[in-house]
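Biologist: I would like to learn how to read charged contacts and surface patches in a model such as this one. Could we take the general idea of each feature before the case at hand?

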Amino acid sequence: MTEKTLPLSEEQLREIAEEFGTPFHLYDERGIRANMRRLSRAFAGLPDFKEYFAVKAAPNPYLLRILREEGAGADCSSLPELILAEKTGLRGREIVFTSNDTPAAEYRKAAELGAIINLDDLSHLPFLRETAGLPDLISFRYNPGPLRRGNAIIGQPEAAKYGLTKEQLFTGFEQARVWGVKRFGLHAMIISNELDPDYFLDTARMMFELAGELAGAGVPLEFINLGGGVGIPYRPEEQEVDLEYLGRETARLYAELITGRGLGSPRVAMECGRLMTGPFGWLVATVRHKKDIYKQYAGLDACMADLMRPALYGAYHHITPLGKTGAPYDHLYDVTGSLCENNDKFAIDRPLPLLERGDILVIHDTGAHGHAMGFNYNGKLRSKELLLGLDGRTRQIRRAETTDDYFATLDFTDFTGR
Ligand SMILES: *Cc1c(COP(=O)(O)O)cnc(C)c1O
């Protein structure tokens, strides 16, 4: 079997585990920067291409700052995410606010920051107007419904709660114009973890053609946001998306359907999360207990509070045990956490070498939708986050939660148990 690569030697990882204590997520600054540069180069054939990092994938200011230094903006969907983008130094058009079922306070904050506001429904136009006032630039999120297929993670577009129908888009832009909006953008996000680049090219074609129809209706677009959803190879045998092909072909479609039709030069944007940090994060945990009943179990000091994807979607995350190079993968383990939910498993029936208590396991591709999805159910506390910097040093960029954090929302001052 092909192995996935580690950011450091096993020896170095062991030293970090010793110094900081497991469990932790470790992120690789060098990998994040190189990947962001690769994306920018791949899409350089498009005028003013911009990646807005989907903050929800890894909401840590140290990671946001790295991406910002490489030219990324932020895609936010909540008040805390807006504040995080602000704290990272992002302002105005460097922030896209794509939310749904949005509270007024969030629209007010987005407006205050000058963010590009991307509306999820027709009814949000008057709502935004009443609560924050209409900015001069408005974007709508398009839901193509049965025109496109989705997948297991995001669902089918026609069953997804997001966006406006095509007909509503025309109504919405027209209403916005009547209310004085002068500049327009279009957005779609209809897929998640997709590895087929042609899927995105179909989306680009759909969006560029729609841009032509909108221009015909008197709505010239200033930007076209193709969303995120670019997948990563979680399994060692999977192929990564050929970004150079994707960028080149998107530029070709743009030349044909936008420039070629005299639609000006709207900026093309993406808002990838997973692609930007996913492969550059690892959850490192220690085997705490072994258990042999009807199946063999390896219980870790991490649990689904640190990484939910396997429990939530049955997602595959590759696991490398340290110090087992060359050992036969002749045992089948369920690799579990300590939560009182039977789906708290990082892997089921995974072939691994014989594991011992104290063995360190590295779980791959946890840099997006990993720590971020954590929760406190069952009194479980989320792990720390570490950053492997360009200088080769490792720093803590978020401490682990403590029981004080867990109790922080309770007030015991006038409370006595009996
Ligand atoms: C989650 C999300 C993204 C990022 O998705 P990835 O699969 O991480 O690329 C982008 N845009 C919106 C609106 C999202 O909700």
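Modeller: Let us begin with the salt bridge, which is defined as a side-chain nitrogen of Lys or Arg within 4 Å of a carboxyl oxygen of Asp or Glu. This is a predicted model, in which local features need pLDDT of at least 70 and side-chain atom pairs count only at pLDDT 80 or more, while totals for chains, interfaces and linings use all residues. Residues are numbered from 1 along each chain as its sequence is written, and side-chain values use heavy atoms, with hydrogens and water left out.

Biologist: How many salt bridges does a search of the whole structure find?

Modeller: The search finds 26 salt bridges. In one of them, the side chains of Glu240 and Arg38 meet at 3.3 Å, N to O. Glu240 lies in the loop between β8 (221-225) and α9 (243-257) whereas Arg38 is in helix α2 (residues 29-42), so the pair ties together parts that are 202 residues apart in sequence. Helices (H or I, at least four residues) and strands (E, at least two) are here DSSP runs, numbered from the N terminus.

Biologist: Is Arg38 buried or exposed?

Modeller: The terms rest on relative accessible area with a 1.4 Å probe and protein chains only: buried means under 20%, exposed over 50%, and partly exposed in between. Arg38 counts as buried because its relative accessibility is 19%, whereas Glu240, at 48%, counts as partly exposed.

Biologist: Which residue forms a salt bridge with Glu86?

Modeller: The partner is Lys109, and the closest N and O atoms are 2.9 Å apart. This pair links distant parts of the chain, with Glu86 in helix α4 (residues 79-87) and Lys109 in helix α5 (residues 104-113), 23 residues apart. Lys109 is buried at 15% relative accessible area, and Glu86 is partly exposed at 22%.

Biologist: Where do Glu256 and Arg252 lie?

Modeller: Both are in helix α9, four residues apart, which is about one turn of the helix.

Biologist: Which residues form a nonpolar patch on the surface?

Modeller: Patches are made of residues with over 30% relative accessible area and no salt bridge, like charges being joined within 9 Å and nonpolar side chains (Val, Leu, Ile, Met, Phe, Trp, Tyr) within 5 Å. Here Tyr406, Phe407, Leu410, Phe412 and Phe415 form the patch, with about 520 Å² of accessible area together. Phe415, found in the segment after α12 (403-407), counts as exposed at 53% relative accessibility.

Definitions and conventions
Areas by Shrake-Rupley, 256 points an atom, 1.4 Å probe, with all protein chains shown as cover.
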